[in-house]
Structures are given as structure tokens and as C-alpha cells.
Amino acid sequence: QVIKCKAAVMWEANKPFSIEEVEVAPPKAHEVRIKIVATGICRSDDHVVTGGLVMPFPIILGHEAAGVVESVGQGVTSIKPGDKVIPLFVPQCGECNSCLNTKGNLCSKNEIFAVAGLMPDGTTRFTCKGKAIHHFTGTSTFTEYTVVQESAIAKIDSAAPLEKVCLIGCGFSTGYGAAVQTAKVEPGSTCAVFGLGGVGLSVVMGCKAAGASRIIAVDINSDKFAKAKELGATDCVNPKDFKKPVHEVLIEMTGHGVDYSFEVIGCTETMTAALACCQYNYGVSVIVGVPPAAQKITFDPMLLFTGRTWKGSVFGGWKSKDSVPRLVADYMKKKFVLEPLITHTLPFTKINEGFDLLRTGK
């Protein structure tokens, strides 16, 4: 059956979300329809609103959520109605090169680079006022019901609190994994984290869990420092407090640069600063923030020639279908906290207020 429900539709760029009644088609073969219980607001959604990430409109955004399976399409075997699940913006098909390789996690069936905004069969499951509405990264969670591929959904512990573990669908896993999986931070090492939003704070938690002895948190909003320290940062630096470039400040603080640096903003200037602040020979810098569309980086190749490593990390390097249930289990065993990452809880109809809080750094 078609389900009629509320969704936050983005009709065009740089406009508020519009709460509309949408029609959600039943799942086709190898698809699953989910009732979304909780969804996080992530800067990547806002990048679409502002045009930094180019997607077709109208669109239903959202990619960090948790919910309950309402129905399944033909051939779905791993999931049944009533299961608690987290949709995956990085799927795991189990068949492509990245899925088969132990080093990779960015499944070739991902929708991150797909500007089509459609299901694999080239159609959409959303209709509003007679118009087809596009999907976002194969998840589209700013709606009471959504449809995803079976390869883009993870079944989780039925006792998990969905309003907390929804963060494992993006922000927490992305940051924590960038430290423990992608960078493989070592005990006793020194780290720098640029950007202290939800993902940056999760990087701080990952560095601490990995045993880093010094974690330098960098942000132009000093209001974020108290929470960063609560979660493990040892030093906090506001680049606005200095006349010299921030990478020079960090090199002076450490004597030789940091062992690991993380750019968790998505800004080309901070990407090069993060690279420059790490140790010239064995330092590792990881790009975690989504790069802005159509921007290029110019940097001195000597930064890499001497031995530094520059890497990127999508979804923290986790193989999604395998790792998300394990991360939820670890949360249930209190191996890490999620509560400090949740600053506000709002009803779905106040989604625009949520985005205002994001944009003002609150």
C-alpha cells in the first residue's frame, strides 16, 4: 500500500524546508520501507541546502537516522517488519571491489556521488502534489516513512534507544572511525582536530579511546571548547586568537607537529592547514569533512614529498552493514557515550529551527 505521511521537502536551494504530505510507494524487490523514529541533523544536509553539495530538487534530505521496518519487498531475507534498523548512506553490497577488499568500505553502489537522486531502477518512491521527489544518498530520512535498498540498512539490537543510536548512522561513526579505523591513532600520540561539531567531537572521542596523550581541539567558536575538553581534548586553540597561521601555532605547541590531524569542517583552507600541522615525515592527516563542490586545493608538494600521508575517510572507514550493529552493541555496553553529542531534541515539524541551531553553532 502507498503510505501518506509528513516529510520535510526541500523544493529549491536556500529556502526553508516545507512540511508536506507525501506519498511513499511500497518497497520494490530488495527494498525495505522504514518508519523513521529519530533523525539527526548533519552539516552535509545543509551543504545541499546552500548549494555546496549539488543535488537535484525537489528532494527529501536526511541520512542519519533510526527506525522500525514497516514492510519489505520481494526477495528481502535479512530484515523483517518490526526490526529496529539504521539506514546506511554508505551501503555494503558485499560484491564490489571495495566490499570484497579488507581495506575499503566505500561500496560502489553508494549514492554519495550520484546526482540522480533516484533508486537504482531510475525511479523514486516519493510523490508530493503530483510531483516526483528525489532521494538523498539512498536514505532520505527527513520523512515519517522512507524506502531504502536492502544493502543500505543494518538491523540493530531491539533494546537500543533509537533517539540516541541514530547518531551511529553518520556523525558518531564517521568521526570515531576516522580516528580508530582510518588514521589508526596509536597510544601516546599527539592529535589535532579541526572543527568541533558532532563529527569533530566524535573524532576527539576516538583519539581518546585509542590512547592519544595529547588532543588539540581547533575551532573558531570558543563556546565549543568546554564540551571538547569533557570528551577528551587536552588543549583548545582558536585560530582567531593568533596573528600567525594556525599550523605554525600547532607546530610550536608540539615542537615538531602532530602525529595525526583531522579536518572535520569541509573547507579547503583548513584541509591544507591540517596537512601542514602534522609531523613532516610520518604525520598523517585525514579529511573527514565533505569537500565543497567545484573547489580545488593548491599546496606545496614538499608537504607530501618528505613523507606525510594525506587520506580521506567516508563513514569512518567502517564496512557499514557489518559494523553498525557492532557499534550499537558497544554503545549498549557503555564503551562510548552519545548523549553529549545531542544538544537539542525537537519535534519533526520544527526541523527549520533545528537547522537554524546548526547554522549558529549551537
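Mentor: Let's start at Phe17, which counts as buried because its relative accessibility is 6% (buried means under 20% relative accessible area, exposed over 50% and partly exposed in between, with a 1.4 Å probe and protein chains only). Phe355 is buried too, at 0%. A word on the source: this is a predicted model, where local features need pLDDT of at least 70 and side-chain atom pairs count only at pLDDT 80 or more, while totals for chains, interfaces and linings use all residues. Residues are numbered from 1 along each chain as its sequence is written, and side-chain values use heavy atoms, leaving out hydrogens and water.

There are nine aromatic pairs in the structure (rings of Phe, Tyr and Trp, the last by its six-membered ring, with centres within 6.5 Å; planes under 30 degrees apart are stacked, over 60 edge-to-face, the rest tilted). Phe17 and Phe355 make a tilted one, because their ring centres are 4.8 Å apart and their planes meet at 40°. Phe17 sits in the loop between strand S1 (3-9) and strand S2 (18-24), and Phe355 in helix H11 (residues 351-359), so the pair ties together parts 338 residues apart in sequence. Helices (H or I, at least four residues) and strands (E, at least two) are DSSP runs, numbered from the N terminus.

Another pair, Phe172 and Tyr176, is stacked, at 4.7 Å centre to centre with 25° between planes. Both residues belong to helix H4 (residues 171-183), four residues or about one turn apart, and both are buried. Together with Tyr331 and Phe336 they form one aromatic cluster.

Contact here means heavy atoms within 4.5 Å, and axes are lines fitted to C-alpha atoms, for helices over the stretch in contact, with angles from 0 to 180 degrees between N-to-C directions.

The largest nonpolar core has 54 residues, of which Val165, Ile168, Val185 and Phe262 touch the most other members (a core is a set of buried Ala, Val, Leu, Ile, Met, Phe, Trp, Tyr and Cys residues joined through side-chain atoms within 4.5 Å). H5 supplies the largest share, six residues. Domain 1 (3-171 + 317-360) and domain 2 (183-312) both contribute, so this core lies between them; the domain bounds come from an automatic or database domain assignment. Phe262 touches residues including Ala178, Val185, Phe194 and Val286.

And where does our starting residue belong? A second, separate core of 26 residues includes Phe17, along with Val22, Met119 and Phe136.

Notes. Lists of a residue's contacts leave out its neighbours within four places in sequence.
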